[in-house]
Amino acid sequence: MKFDYKFQKLEPAKSFKAINKAEMYVPGHRTCAGCGPALNYRLVAKAAGPDTIFIGPTGCMYVANASYLCTPYAVSWIHAQITNGGAVASGIEAAFKVLARKGKYKGTFPNIIVMAGDGGTVDIGLQAMSAMFYRDHKVLFICYDNESYANTGIQTSPTTPYGANTTFTPPGKEIPEGKTLFPKDVPQMVIGGHPAVKYVATTTVAHPLDLTNKVRKALSYECPTFLHMLSPCPKGWKFDEKLTREMAKLAVETGMWSLFEWENGVYKYTNVPKTYKPIGEYMKNQGRFTHLKAEHIAKMQAFVDGRIAKVKADMAIPVATPK
Ligand SMILES: Cc1ncc(C[n+]2csc(CCOP(=O)(O)OP(=O)(O)O)c2C)c(N)n1
Ligand code: SF4
Ligand SMILES: [Mg+2]
């Protein structure tokens with residue numbers, strides 16, 4: 001007989017008023033003004049609620065949030081190495097399962113969430129995350145994607161866009177566009193390589209109710225799940241700090257980012273623009289792109305056109321009822 005671990009089922013919220021009123025990520029941290037990842041954390045923590053354990057690999061959300069034993073986390077939170085968020089989460093999940101089976105823990109199974117930066121997800125933290133998915137741990141792994149190794153001074157990561165000026169990809173005479181490589185496709189990497197994962201979704205900090213309900217749905221699955229969240233970083237992207245939400249909104253309106261759920265093999269897209277804005281609209285307010293010439297922006301547009309073509313192709317696949 002299947003053991004009852006008392007997993008939580010989090011109902012979808014119709015509005016913010018309908019979800020937990022209490023803040024689980026409170027004021028008193030040292031992130032930059034307008035920090036997308038800080039807002040991201042606040043929204044995720046609120047959506048998950050009080051019975052939650054966060055695993056925080058090294059990054060801005062550890063260093064700027066947890067100095068001198070002072071943190072904004074009103075729920076349990078543990079620091080992991082930037083390399084091993086997936087491994088630490090696996091151990092916590094396995095320990096709760098063993099304690100429950102031995103009758104030594106009788107409470108509700110906590111939400112176990114890794115909140116990792118892009119470096120801690122798709123680069124230096126990749127093997128631990130992948131192994132966690134492979135072993136079928138009931139953990140939600142979230143990548144808050146600010147598109148750089150921000151904490152150490154804005155170095156390029158595998159999600160930094162083509163053309164971005166970072167401290168490791170400065171534009172110059174030899175390489176005028178700065179970054180020459182195109183980013184990894186993070187959700188596809190998770191979907192393609194991990195049969196135990198049944199739910200993957202994307203969202204941004206500019207879509208808070210969408211984010212809330214994706215977190216709640218992911219946490220209600222009894223298997224590993226993955227969420228990829230766009231979290232604009234005013235310092236690294238070099239934009240006015242009041243434009244954080246606007247940047248994430250523009251990413252969706254230009255096709256640089258899309259909002260979707262992948263559930264048991266079926267894609268569902270939302271907020272798909274009828275007409276996409278040109279990618280220059282997104283890039284023009286970001287100092288990391290101001291060195292680019294027309295030919296580089298055209299190259300970026302061609303890349304984004306490829307992303308839009310994939311959205312259209314996925315949407316054209318007839319939708320079967322998820323099993
Ligand atoms: C093994 C190891 N290598 C390098 C570092 C230095 N380091 C600390 S935070 C950080 C950046 C993390 O980037 P990301 O995961 O994207 O999070 P962000 O800082 O952008 O929030 C790096 C490289 C480290 N802590 N451990
Ligand atoms: S560098 Fe970026 S991610 Fe880090 S605290 Fe500042 S705004 Fe947030
Ligand atoms: Mg980062």
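What share of the contacts in the protein chain with a separation of 6 or more comes from residues 24 or more positions apart? The share is 71%, where two residues are in contact if their C-beta atoms, placed from the backbone, lie within 7 Å.

## What you're looking at

This is a predicted model, so to speak of local features pLDDT must be at least 70, side-chain atom pairs count only at pLDDT 80 or more, and totals for chains, interfaces and linings use all residues. Residues are numbered from 1 along each chain as its sequence is written, while chains are lettered from A and ligands numbered from 1 in the order in which they are written.

## The overall build

The protein chain has 11 helices and eight strands; these are DSSP runs numbered from the N terminus, with helices being H or I of at least four residues and strands E of at least two. Its C-alpha atoms fill a box of roughly 65 × 55 × 40 Å along the principal axes.

For 323 residues, a compact globule would have a radius of gyration near 20 Å, and the chain's 19 Å agrees with that. (That radius is taken over C-alpha atoms, and the globule rule is 2.2 Å times the number of residues to the power 0.38.) As for burial, 46% of the 323 residues count as buried. Buried means 20 or more other C-beta atoms within 10 Å of a residue's own, exposed means 12 or fewer, and partly exposed is in between, with C-beta atoms placed from the backbone.

Let's zoom in on β4, residues 140–145. Six of its six residues are buried, so the strand is largely enclosed by the rest of the structure. L140, I142 and Y144 sit on one side, F141, C143 and D145 on the other, and all are buried. β4 pairs in the parallel sense with β3 (residues 111–117) over five bridges, and six bridges join β4 to β6 (residues 225–230), also parallel; pairing takes at least two DSSP bridges between two strands. F141 stands opposite V114 and has F226 as its bridge partner in β6.

F141 and V114 turn up again in the largest nonpolar core, which has 75 residues; both are among those with the most contacts inside it, along with V44, I113, M115, I142 and A251. α1 gives the most to this core, eight residues. Such a core is a set of buried Ala, Val, Leu, Ile, Met, Phe, Trp, Tyr and Cys residues joined through C-beta atoms within 7 Å. Not counting residues up to four places away in sequence, V114 touches I55, G85, G86, A89, V139, F141 and I142.

## Around the two ligands

Ligand 1 is surrounded by 18 residues, the closest being G59, G117, G119, A150 and N151. Here, near means that a residue's C-beta atom, placed from the backbone, lies within 6 Å of the molecule. α2 (60–63) and α4 (119–123) each supply at least two residues of this shell, which has six nonpolar, 11 polar and one charged. For these classes, Ala, Val, Leu, Ile, Met, Phe, Trp, Tyr, Cys and Pro are nonpolar, Asp, Glu, Lys and Arg charged, and the others, Gly among them, polar.

Ligand 2 has 13 residues around it, with T31, C32, C35, C60 and C233 coming nearest. The elements giving two or more residues to that shell are α1 (36–48) and α8 (234–237), and α8 has the largest share, three residues. This shell divides into nine nonpolar, three polar and one charged.
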